[in-house]
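User: I'd like to learn how to read a model like this one, feature by feature. Could you walk me through it?

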Amino acid sequence: MSGLPSVINALGRLLLVFSLTYLLPIGCALVYRDGTFATFVTSLLACVAVGALLIVATRRHLRELKSRDGFILVAAAWTLTAAIATVPLMLHEQLSFADAFFETMSGLTTTGATVMVGLDQVAPSINLWRHTLNWLGGMGIIVLAVAILPLLGVGGMQLLRAEVPGPIKDSKLTARIADTATILWTVYLWITIVCVIALKLAGMDWFDAICHAFSTLSLGGFSTRDASIGAFHSPLIEVVIIVFMVIAALNFATHYTAWRARSLRAYWRDAEAKGVLAVLLVSTLGCTLYLLIVGTYSDALTALREVSFNLISIATDCGFVSVDYAQWPIFVPFWMLFLSCVTASSGSTGGGIKMIRTLILTRQSSREISRLIHPTMAAPVTVGGVPIPNQVVFAILGFMFLYAMSIVGLTFLLIFGGLDFISAFTAVIACINNAGPGLGQVGPATNYQSLTDYEIWVLSFTMLLGRLEIFSLLILFTPRFWRK
C-alpha cells in the first residue's frame, strides 16, 4: 500500500506518546524502592528508540491518514504497544514473550485474564504497570492519541471510526474529534479520581485504591491480589466497586451530557442505560432467588451480596471475583457469561455485542414476527423513539454472524490444541467479550497460566478481535482491502 509508510510514521509518534506511561511505574519504583527502577527506565528507552526509529525511517512520508489507513494503524498500535509493554514483565518477572504478551494484551484490551500468580508479592510498580495498561485501554489508547496526534500533524477522525464502530450511537460531542477525545478522557479521569477516593474511604490503602480504581473504571478486572476482590473481605468495598462498574458500563457521552445538564434525565432518555440497568437488576434478583431455592445459600443477604458482585462484574465485562462461582449450579455461571455478551453500552469501557445491538436485534425480531401475522405491515425498527435505518440493521446482522462464527472457529482451534470443551468455549467467550475468567481450567479460582503457548496466542488474538469489534480487525484479512 502506498500509504503504509505514513501509517508507520504515525505509529512511531504514537509509541513516543505511549512511552510517557512508563513514568508512573518509574515513580512508583522510586517511592517503594522495589528494585524495578532500572527495568522501567530500560523499557521506556526501548519504547522511545522503536518509536524514533519508525519516525526517522519514514520521515519523508508524513501526510494525513486516509480512512483505510486508520484500520491498519489501530490494529498495529494495539499489537505493537502490547509487544513493547512486555519488556518489564520479561525482564523482572521472567515471563516468556508469549505469556508477557498475553498479559499486556489482556491489560490493554481490558480483558483482565492473567497468567501471573503470586500477585500479592509482586513488586508494586509491576502491579501498577498492569493496572495502568487497564486504565489506558479502558477508553482506548487510540482515542487518547487522537487528542494528541493532530498536534503532530496527523488527523484523528479515521482512527476513532476504526476503533469505535458502534452502530448508531454518536459519541462525537464536539465539532473537532480532538476536543471530543479530550472531553471523554476528562470525564473518565474525574470518575476515576472519585473512585480512588471512595475505595480509600471504604478501607483500601492508597496503592490498592489507585490500582483497583484503574481496573474498575476500565472494566479491566486486574487486581493486586490472587484472590481478586475476595481478598479484602469487605462488603463496603464490593458495593463501591459495583457502583463504579455500572457507571463504567454506561455510555461516557451520556455521563458527560448528564454532568453538563446537571440532571439525571440524560440516563432516562438513553435506551441503552435503561436496558443495562434492567438486565442487571432482574438477573441479580433472579439468580439470587435461584441459589436460595437450590440451597447453595441459606442466608438471603449473603446470597444477594455474592451474586450481585460477581454477576455484575462478569456481565459488565470487568472480571473481578469475590468467590469461586464455578462451584455454583452451572446455570448461574453460564448466565453470567451470556450477560457478558450483551450487557455493556456502546461508548462504555465494556466489550461484547453491546446493549444497543441487542436492543436493535430484539426490535427487528419482533418486527419479523409481526410481519408473519401482517405481511403488509410497514413498521420501522425504533430504539428510544429513534427509527433505525435498514442498512444499520443489516450491518448488525453481519456483525452477529461474524461474532458467532468467530466464537465457533476459535473454540475449535482451542479444542484442536487439546483443551477441553468447557474451558475452550468459556475462555473464548470471556476473551472475545473482554470479560476475564471463564470456567473449567480458566475459572475464577484459577487463571490462564496452565495454558500452552498455542492456546495463549489464540486467546491473545481473540482479545484483540473482541476489543476492535471484529470488523476493524477482520477487514485486514480481506484481499479487497489491500487492492488499490
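Analyst: Let's start with a helix. Helix α11 covers residues 206-217, and its 12 residues should span 16 Å at 1.5 Å a residue; the end C-alpha atoms are 16 Å apart, which agrees. The expected span is 1.5 Å times one less than the number of residues. Helices here are DSSP runs of H or I with at least four residues, strands are E runs of at least two, and both are numbered from the N terminus.

User: What should I know about the model itself?

Analyst: It is a predicted model, where local features need pLDDT of at least 70 and side-chain atom pairs count only at pLDDT 80 or more, while totals for chains, interfaces and linings use all residues. Residues are numbered from 1 along each chain as its sequence is written, and side-chain values use heavy atoms, with hydrogens and water left out.

User: How many residues of α11 are buried?

Analyst: First the cut-offs: buried means under 20% relative accessible area, exposed means over 50%, and partly exposed is in between (1.4 Å probe, protein chains only). In α11, 10 of the 12 residues are buried, so the helix is largely enclosed by the rest of the structure. Among them are Phe207, Asp208, Cys211, His212 and Phe214.

User: And what happens at the start of α11?

Analyst: Look for a polar contact there, meaning a pair of N or O atoms within 3.5 Å; within protein, one must be able to donate a hydrogen and the other to accept it, and residues adjacent in sequence count only if both atoms are side-chain atoms. A side-chain oxygen of Asp205 comes to within 3.1 Å of the backbone nitrogen of Phe207. After α11 comes Leu219, with a positive phi near 55°.

User: Why does a positive phi get a mention?

Analyst: Most residues other than glycine have a negative phi, and most peptide bonds are trans. Thr110 is another case, with phi near 55°. Thr110 sits in the loop between α6 (97-108) and α7 (124-139) and counts as buried, at 1% relative accessibility.

User: Which residue with a positive phi follows α21?

Analyst: That's Glu469, with phi near 55°. Ile470 has a positive phi too, near 65°; Ile470 is in the loop between α21 (453-467) and α22 (471-474) and is buried, at 2% relative accessibility.

User: How would I read α21 itself?

Analyst: The 15 residues of α21 should span 21 Å at 1.5 Å a residue, and its end C-alpha atoms are 21 Å apart, which agrees. α21 is mostly covered, with 11 of its 15 residues buried; Glu455, Ile456, Met463 and Arg467 are among the buried ones. The cover includes α4 (67-84), α6, α7, α19 (390-416), α20 (421-432) and α22. Contact, by the way, means heavy atoms within 4.5 Å.

User: At what angle do α15 and α17 pack?

Analyst: Two packed helices are described by the angle between their axes and the distance between the axes. The axes are lines fitted to C-alpha atoms, for helices over the stretch in contact, and angles run from 0 to 180 degrees between N-to-C directions. Here α15 (residues 271-293) and α17 (residues 331-342) pack at about 170°, with axes 11 Å apart. That makes α15 roughly antiparallel to α17. As for the cut-offs, under 35 degrees is roughly parallel, over 145 roughly antiparallel, 65 to 115 roughly perpendicular and the rest oblique.

User: Which residues of α15 and α17 meet?

Analyst: From α15 you have Val279, Ser283, Cys287, Tyr290 and Leu291; they meet Phe331, Val332, Trp335 and Leu339 in α17. By class, this contact has 8 nonpolar, 1 polar and no charged residues. For the classes, Ala, Val, Leu, Ile, Met, Phe, Trp, Tyr, Cys and Pro count as nonpolar, Asp, Glu, Lys and Arg as charged, and the others, Gly among them, as polar.

User: Where is Thr316 found, and what does Thr316 touch?

Analyst: Thr316 is in the loop between α16 (300-315) and α17. It's buried, at 0% relative accessibility. A polar atom of the Thr316 side chain lies 2.7 Å from the backbone oxygen of Ile312. Not counting residues up to four places away in sequence, Thr316 touches Leu219, Met245, Ala249, Leu280 and Gly350.

User: Is Gly384 buried or exposed?

Analyst: Gly384 is exposed, with a relative accessible area of 57%, and its place is the loop between β1 (382-383) and β2 (386-387).
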